[in-house]
Amino acid sequence: MDEFVVTPWEVKGRVDYDKLLRQFGAKPLTAEDVALLEKHAGEVHPLIRRGLFYAHRDFDFIMKWHGEGRPWALYTGRGPSGPVHIGHMVPWILLKWFSDKFGLEVYFQMTDDEKFYDDPELSLDDTRRWAYENALDVIALGFTPNRLHLIIDTLDIKPLFPIAVKTAKKLTWNTVKATFGFTDSTNIGLIFYPSLQIAVAFLPTELRGEPTPVLIPCAIDQDPYFRLARDIADSLGYPKPATLYSKFIMALTGESKMSASNPDSAIYTTDDERAVKRKIMNAFTGGRPTAEEQRKYGGNPDICPVFHYHMLFDPDDASVEKIRHDCRSGALLCGECKLMLYEKVSRFLKQHKEAREKAKDKVDQYRLSVKLK
Ligand code: TYM
């Protein structure tokens, strides 16, 4: 079955990423775009070099804008409905890299409102609590403190609301219905919500009082918001946001995207060592059913979540290439490859958890409206 569906709330089936780009109308990230980044940053992050970030809107424009010495900022977000998994962290790792390389301010939106509207099981207290919990994972990545600005929607609405109101006036029911698939029984909170996710893209321009476009690193599922943002930006007098899109980190079960309803499909930043080991050792692989067949015919790293995760956790290109090669040739068996991955993931998580612990009680210091007071 080739059918697949990608919306900001749901991913079903095996995603054809090229087809999705054509459906959404975003552009593939070309060698010229990457060369432009290298020219300005001096290097290219492995997540881009390895093709995980594969598409964009106006990335070339933002690089040129930067080349002219004009101001820009970074923006991304999280819908706080539960713990953070490794997939969520992917855009945030790149966000931090951009912030460090280019000295950029980062606007990070926690949509406790969106998740409250969307999930009948969650109270507003729940989503707010998750916003604080998830913020620890963001802070733990080590952003320069005065450059990271957290926005928890229901708490930090003040600077955002006038922009959201102007945005909402430009968006018709017809447009949001067609873009997000809303129906007559969708609650009106969710119908208004896109104006808030779009509003943050215009916030840096308001705060600085001069055109300040944002670059938004995220997975491709968020494109519908920013397509709309770009459509209305001109008419509101704001620069169009630029975006950089990743594919999804595969689920450990081999599906295109991890699912909150199956906790074994993802590694969460709060998982303990035993859970991490169990999940990795039980993961689906691109290997053969028996060791003998694997040695004889080799495995298929392209469909293998374990290999996919090696690409995420190992910054050394030569080491990743060796794993790919040894998998294909049959020299590397899945059990061994999984143990190697476990070592890498557990090293990352140990350090991340320590940093996360240190961030406790600090979340409010990063909140935009607390700083603006
Ligand atoms: P949320 O919480 O669903 O996802 C947070 C971020 O993680 C990305 N993502 C993934 N990336 C790689 N592999 C995966 N398996 C995977 N799953 C999720 C998402 O694309 C997103 O970047 N409405 C948003 C919150 C939000 C936002 C934003 C996101 C508000 N403003 C601006 C991006 C940019 C949401 O619910 O994200």
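Q: In which helix is the place of Glu-38?
A: Helices here are DSSP runs of H or I with at least four residues, strands are runs of E with at least two, and both are numbered from the N terminus. Glu-38 sits in helix α2 (residues 31-41). This is a predicted model, in which local features need pLDDT of at least 70 and side-chain atom pairs count only at pLDDT 80 or more, while totals for chains, interfaces and linings use all residues. Residues are numbered from 1 along each chain as its sequence is written, and side-chain values use heavy atoms, with hydrogens and water left out.

Q: Is Glu-38 buried, partly exposed or exposed?
A: Buried means under 20% relative accessible area, exposed over 50%, and partly exposed in between (1.4 Å probe, protein chains only). Glu-38 has 43% relative accessibility and therefore counts as partly exposed.

Q: Which residues is Glu-38 in contact with, leaving aside its neighbours within four places in sequence?
A: Contact means heavy atoms within 4.5 Å. On that basis Glu-38 is in contact with Glu-43 and Val-44.

Q: Which members of the largest nonpolar core touch the most other members?
A: A nonpolar core is a set of buried Ala, Val, Leu, Ile, Met, Phe, Trp, Tyr and Cys residues joined through side-chain atoms within 4.5 Å. The largest one has 69 residues, and Leu-37, Trp-72 and Phe-98 touch the most other members. Helix α5 (residues 86-102) supplies the largest share of this core, nine residues. Domain 1 (5-252) and domain 2 (263-357) each give at least three residues to this core. A second, separate core has 46 residues, including Ala-55, Ala-219, Phe-226 and Leu-236.

Q: What does Leu-37 touch, not counting residues up to four places away in sequence?
A: Among its partners are Ile-48, Phe-59, Met-63, Trp-97, Phe-98 and Phe-102. Leu-37 also touches Gly-42, Glu-43 and Val-44.

Q: How far apart do the C-alpha centres of domain 1 and domain 2 lie?
A: Domain bounds come from an automatic or database domain assignment. The two C-alpha centres lie 29 Å apart. The contact takes 20 residues from domain 1 and 28 residues from domain 2.

Q: At what angle do helix α11 and helix α12 pack?
A: Two packed helices are described by the angle between their axes and the distance between the axes. Axes are lines fitted to C-alpha atoms, for helices over the stretch in contact, and angles run from 0 to 180 degrees between N-to-C directions. Helix α11 (residues 194-208) and helix α12 (residues 223-236) pack at about 60 degrees, with axes 10 Å apart. Angles under 35 degrees count as roughly parallel, over 145 as roughly antiparallel, 65 to 115 as roughly perpendicular and the rest as oblique; α11 and α12 are therefore oblique to each other.

Q: Which residues in α11 meet α12?
A: Pro-194, Gln-197, Ile-198 and Phe-202 in α11 meet residues of α12 including Phe-226, Leu-228 and Leu-236. Leu-228 is buried, at 5% relative accessible area. Leaving aside neighbours within four places in sequence, Leu-228 is in contact with Leu-171, Thr-175, Val-176, Thr-179, Phe-180 and Ile-198.

Q: What is the phi of Asp-58?
A: Asp-58 has a positive phi of about 60 degrees although it is not a glycine. Asp-58 is in the loop between β4 (53-57) and α4 (59-67), and is partly exposed at 22% relative accessible area. Asp-361, also not a glycine, has a positive phi near 70 degrees. Asp-361 lies in the loop between α17 (334-359) and α18 (363-366) and is exposed at 78%.
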